[in-house]
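Hi,

Here is the structure I promised to pass on. Have a look, and my notes follow below.

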Amino acid sequence: MNDRAGRRRARRLAIGTAVVLALAGMNGPWLYRVGTEKYHQYQINRPEYKAENGKWEIVEFPEEYRLNTIHAALLHTGKVLLIAGSGNNQDNFDAKKYDTRIWDPVKGTIKKVPTPNDLFCTGHTQLSNGNLLIAGGTKRYEKLKGDVTKAGGLMIVHNENPDEPITLPAGTKFTGKENGKTFVSKDPVLVPRAKKVFDKATGEFLRNDPGLGRIYVEAQKKGAKYETGTQDNYRIQGLSGADARNTYGIAQKLALDKKDFQGIRDAYEFDPVAEKYIKVDPMHEARWYPTLTTLGNGKILSVSGLDDIGQLVPGKNEVYDPKTKKWTYLTKVRQFPTYPALFPLENGKIFYSGSNAGYGPDDVGRDPGIWDVDTNKFSKLPGLSDPKLLETSGTVLLPPAQDEKYMVIGGGGVGESKEASEKTRLIDLQADSPKFADGPSLEKGTRYPQASVLPDDTVLVSGGSEDYRGRGDSNILQAHLYRPGATEFDRVADPLVGRNYHSGSILLPDGRVMFFGSDSLYADKANTKPGKFEQRIEIYTPPYLYRDAQPSLSGGPQTIKRGGTGTFTSQHASSIENVRLMRPSASTHVTDVDQRSVKLDFKKSGDKITVDVPTNRNLVPSGWYMLFVTDDQGTPSKAQWVKVP
């Protein structure tokens, strides 16, 4: 053991002793005499306390730069992209007021970025070139039953012409043959041509299967008398001749019931250097609440979401190729609830933890398992406790990523359920027969927990609420650290701001963690006052940044090939014990499938550290990473940005 390491250990021991003494004193009766906010501030700002528990600080932007952050992603420039879109605000949506900000957490600067569409409830993931792929968003806000004034719903348009497709413009009128009521389309629709079906044995023509188009329609006038109660065929006004004979609509009930959000097909790459959106080809399916997951070949899988008429996309998943900027359907369908937690595995398959953020039937696509995207085979995984309480749960790939151990945290019942789970569930996917087992319990049933992997191999779990969207003033002002393999959480300093729906957390390159958002339904325990979106950012500085100086890290290549090496300089090389390659986060709706911490083998020589990058592209997808070194006290360096091509 060198002298510097010895002094660090001695210092840490002294701090630990001081904390024990301080806590013993805090239990004395004198605490009650001095139990004021001023004293509380004194306690949480003592060096000894911060070295064991860390510290929280609030960042409040100037008023003109504040926004309802729904999505956040760390860019390889070190800045953070904050996306609100319309920010869950119908007035903003109606006014086409869409917001994006770029925030520099080091310099403290923030600037507005023109936002091309309503990227509220979009999907996103880091691309190999350093851009962020963003796909989907909002076409129309939901309307609750009492707010719907015109009967409406889904119209299926049939085209029986096997030779040509037909396009119907927005404003097309559909009149029921039985009910005589007229409904108007909100958007254009392309209806493909009919498919000729032949007998496989004889080649004899059997029939034409009509091409189908889906469109949202509304009654021309307001009122309950324009509702329909049963299925009807609809004549399309304005068509004549063969088009009129071949093209018609069929709709079930068209009513004044609740209308869900509707999605868009638009897709963009955000360029962190130019700091602007670049439009790429749209998806085939409109999606609101989709998950984007990076595959080992660098392509991006887009899954689930509500479509352009507010229905769950029926298992029609697609893949984006960053080279061609185009989307391709998968050949087979598989359905998941919205924002499913989907993680790439080292064998190229996808792990679905069961975590999701909401919409979808309660009996379809909610079981956790391993999905082979190529064959569409899905193998369910057993042993999950509280299996009905996975909505709004969080899932995190525990460090190091090579171990393929996952934790599912908390969660609640489907929809606006009051139920919440205090469970964590652990699974080792490298076991011979992987099976979930309960991990350490949370102190309270928790929906919307935020979880960030730290460079010292701990996981910070914070926030959430005991009820749907913080109802009943149920935000949980607690934070815990978990070290993989431990049987319990370590409670650390309490956050200052409650976080529930529309919140998240992101590891920063200096080892701190930023928290954003929160969208409480109500502002009081009695649930009578409307909630207000939480626009403040909060920064958590973990205990490791209060214990000793961060080890230095500099130099080295900006690019390291998979299977290659890179040599960096550190004045503290002799005390370095771990090296981690950490993929930057892209977080929203308790879903962050990008973050991962990859253990790197390394060698030390003098003030040089040479690191080895693994060869498996499923473990280390191409892209930009933060390279951290951690010393024998568990203190990480500031990150060096490294690109893996």
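Which residues of helix α3 (residues 37–44) are buried? They are Tyr 39, Gln 43 and Ile 44, where buried means under 20% relative accessible area and exposed over 50%, with a 1.4 Å probe and protein chains only. Seen down the axis of α3, these buried residues fall within an arc of 130°, so they line one face of the helix; the arc is that of the directions from the helix axis to the C-beta atoms. Glu 37 and Lys 38, on the other side of α3, are exposed.

Before going on: this is a predicted model, with local features needing pLDDT of at least 70 and side-chain atom pairs counting only at pLDDT 80 or more, while totals for chains, interfaces and linings use all residues. Residues are numbered from 1 along each chain as its sequence is written, and side-chain values use heavy atoms, without hydrogens and water.

Next, the sheet. Four strands form an open, antiparallel sheet in the order β26-β27-β28-β29. Its edge strands, β26 (342–344) and β29 (377–380), each pair on one side only. Inside the sheet, β27 (residues 350–352) and β28 (residues 369–372) pair over three bridges in the antiparallel sense, and Tyr 352 stands opposite Gly 369 in β28. Helices (H or I, at least four residues) and strands (E, at least two) are DSSP runs numbered from the N terminus, and two strands pair if DSSP finds at least two bridges between them.

Enjoy browsing!
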